[in-house]
Amino acid sequence: MPASKVDIGVDEVSLLKAYKLTTLNPTKWEEVDYDLEDTVSGFVTSVGGDGDGDPLGLGATVDLRNMDTETKASVMLSSKSFDPKAFLAAVHPNATYQDLAAGISHLQASIDARSEQVRVLVEDNFDRFVAVKASTDALHAEMREGLLSDANEYASKPLTDHLKRSAVKANQVFLPVLENSAKAQRLRTTLSVFERSKFLFSLPGSLAESIEAGKYEAALRTYNKGKFLRDSRQGQSIPVESSANGKSGGPASEQRRISDKVWSNVEKVMAEMKSLLLSKLQEPGRSVEEQEKTIEILLELNTSEDPIWTYFDSHHTHVMKQINTSYRSGVEAINNTLSQVPPEMGDPDGFNASLKSQLQLCLASLETKQPETAIAQGGGHEVWEAIFEMIKNMSETLLSSLPNFWKISRSFIEGKFKRPSGSRRSAQQCSQMALDIVKLYVSLLSEFFCLSDAVVMQRNSSDSPPKLLPKHSNSLTTAHFLVKILIEIQDCASEVTGMDIVPEATSNLRNLVDSTRWKFGDILVRVWLRDASLFHLLETWTPFTPDPSVTQFMSLLDVFQRQLTTAALKLAGGIELASTASSFRTIQQNLISPAFMTKITKAFLDAVYAFLDGLVHLTSPEWSMTAETSGSSQQLPSKLFDLNDVDTRLLLMLSNFVYLSGTLIPNLISQLESAFGVSKEDDRNTLVKVVQTLDKRLFDSYVKPKSGTVTKILREGILDREMDWYETPQPTEIRPYMFRATMTLVEIHAQVSRVAEGPLDRVLHAVVEDAADEALRSFQQVKRFGMGGMLRATLEIEFMHQTLARYVSPAATKTLSELYNKISMAYARRPGDENLQGHLDNVKKTLAESRRATSIEFMCFRQPKEKGASKATSGKSKSKADSTPHSAGQKRSAA
């Protein structure tokens, strides 16, 4: 049979030892000490390897995993608590008698085998046992003669001597220790006394720690607690034992002395805390809550100085000083910036050139919807920014200090922070302090911007502008910063007004905003009109993309007027200051005063008149492109012309004037009416009339010289001394003067078409009317016409009439009709003039040939043909050419 094996591993033993258990499946709490428990410890010690085999040799196997520790110990052969009965019951419960008998025989054989092994082991090592016994006896005899002899008291005498010397040494060493122990005991006794009064002795240190950590309320509570204990438990705070003789005078006196000394330290710490808190009351950067807590603590400590008035006086002085400092340093910075203005700004030409350049950049940025970049960086922006920074610093100083000051002041007025002993100063004095701060802010701004009451400034329109404003700043940049500064002032005034300090402060701030609005309006109007008088310098003669018949200048003028009018409305309060809209037509409007409305309207109209003056100046002969333009203007596509030519500028300006009177001015006036909510019809009509008057003046400046050239050619041709209208033969051709006159008109047509097609019809209508008038006047000087003269006059006038038919106005048609009648009436019939129809046919033929021969030269005068109507138009023209000479001849035949 195979050998029996015990199935338990090292890990299980380790677990049992670690957790002090007897089984891996405990059913109750247990804690076994393996070092003390013999049974279990013997079991654990004996477990190792694969265990012992079956001693009976029956081949049985026992599973120890489900046994408790005691059972395992009683079953295992190597265990000290091995129990044969338990072994047989656990390992061989079903063994028969024969099995057990065989097992006994096997067990006996095993024992004999082991006994034989022991005997052989003894025989093999017998000489060693003998040698060990001899050595042991020799060692014992030697010790009896030496170390364990009677003389040495069996080796105890040296030990006794050592102990005696140790006792002497111990007395030398430990006696002082014992004495110190007695002293330590006395100290422990004293310490116990101090321990019972630990709070009082640690009070100065704990107060100092709380103060250092900023825990002032905790320090106050601790101080009050110590003060209560000291006052209510006099004689118990530091208990001292009575003396041996029963007298307590000595210890009690010592107790009071110690108590007074400790408390003097406490008062010293609290005095330092009072000084610290009073100094913190004067710090400007602390919050209201911190200041209120500090005031309450100082009031509870009952300081000699009234903490609330310490706060009011220090902060009032600080705010007044800070506002003054901000103003003075701001003015100094502004002066320094002004001193850096380029010297060329003092020269009128350099000044105008700078303004022109600034306006070009600003207007370009407005058209690209990026106004802030260029406008905020315009000329003089460094000065404006310094001014704004000064206003901002003053406002921030006011708003960072006054709200806290007034909040505590209001609490004080309402009865908070009162000293029990009272105060000789009135609570209303803090209201006056707040009012003083507001007045200082208002007075310094009024001083800088030369402000006075708004009503006074309205009456005195000759007020000079503030001295520290940049004079070389363009109107758009000026408007930008005026609105920005007004926003800062208004926001500050609104916040302070919302505090509801005193009615006088609210009134002062409201007057400040109103006066600032009016003064800023004056400043804006002044630079507005100045730039409007120079605005013509921005004319680059570039065509306006949406309407090429006018120049880009009209768009710039529109943007300029809308931008400044919007800024003026913002300054007047008609538009919210924070609004970014560029058109004031669709913005939510607020009511403004009639005086401000009148000011803005007058500035708007004066600016338009200044623009018109500049436009007229552009058409004057004294104007030079090289002198007043940058030379970078774009030219009209495929049309090269010389802008130094007066006629070219007149034609361009005539187109602009048409756009001005028909579109731009009505639109601007309509927006102004929408903004003010009132009609400006009278201003509109007056402005349109002025534009029309100037337009007629410019139109005549261009047309009259052209008409003069044409009428001179006609007059000289008709009244030629070599021409005898009575004797001249029948015409076979048209005389050259008529071709020269019509070619002059071709040149006029070409010039107008090349420069600006808008006024083409108007110009040619006027020139044709003057030509017709001159022809009538000239023919009226001819006394009589012969047949040839009548036919020649009819031929030449009809040639001009048909060639220029597109530009013959009703007035010119009437004049030509009178001319035909005059020729007919002056015809003097002679013998041989009977064949009138034949002569008229010849004239018609000559007219048709002349028209055909000059069709290319005079193609520009043809009426544009429309689809489906070209044939009808051609037939009508032919019919007219055939009928007119005939009609004139018929009239004379009837006469």
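At what angle do the axes of helix H25 (residues 736-755) and helix H27 (residues 787-803) cross? They cross at roughly 15 degrees and come within 10 Å. The model is predicted, with local features needing pLDDT of at least 70 and side-chain atom pairs pLDDT 80 or more, while totals for chains, interfaces and linings use all residues. Residues are numbered from 1 along each chain as its sequence is written, and side-chain values use heavy atoms, without hydrogens and water.

**View 1. Helices H25 and H27.** Helices are DSSP runs (H or I, at least four residues), numbered from the N terminus. Axes are lines fitted to C-alpha atoms over the stretch in contact, with angles from 0 to 180 degrees between N-to-C directions. H25 and H27 are therefore roughly parallel to each other (angles under 35 degrees). Tyr737, Met738, Phe739 and Thr742 in H25 meet Glu796, Phe799 and Met800 in H27; contact means heavy atoms within 4.5 Å.

**View 2. Helices H27 and H29.** The axes of H27 and helix H29 (residues 836-853) lie 10 Å apart, at an angle of about 35 degrees. Among the contact residues are Met787, Leu791 and Phe799 of H27 and Leu836, Leu840 and Val843 of H29.

**View 3. Helix H15.** H15 (residues 381-413) has 33 residues and reaches 46 Å from its first C-alpha to its last, close to the 48 Å expected at 1.5 Å a residue (1.5 Å times one less than the number of residues). At Leu402, shortly before the proline Pro403, H15 has a kink of about 30 degrees, taken between axes fitted to the seven residues ending there and the seven starting there.

Terms used:
Helices (H or I, at least four residues) and strands (E, at least two) are DSSP runs, numbered from the N terminus. Angles under 35 degrees count as roughly parallel, over 145 as roughly antiparallel, 65 to 115 as roughly perpendicular and the rest as oblique.
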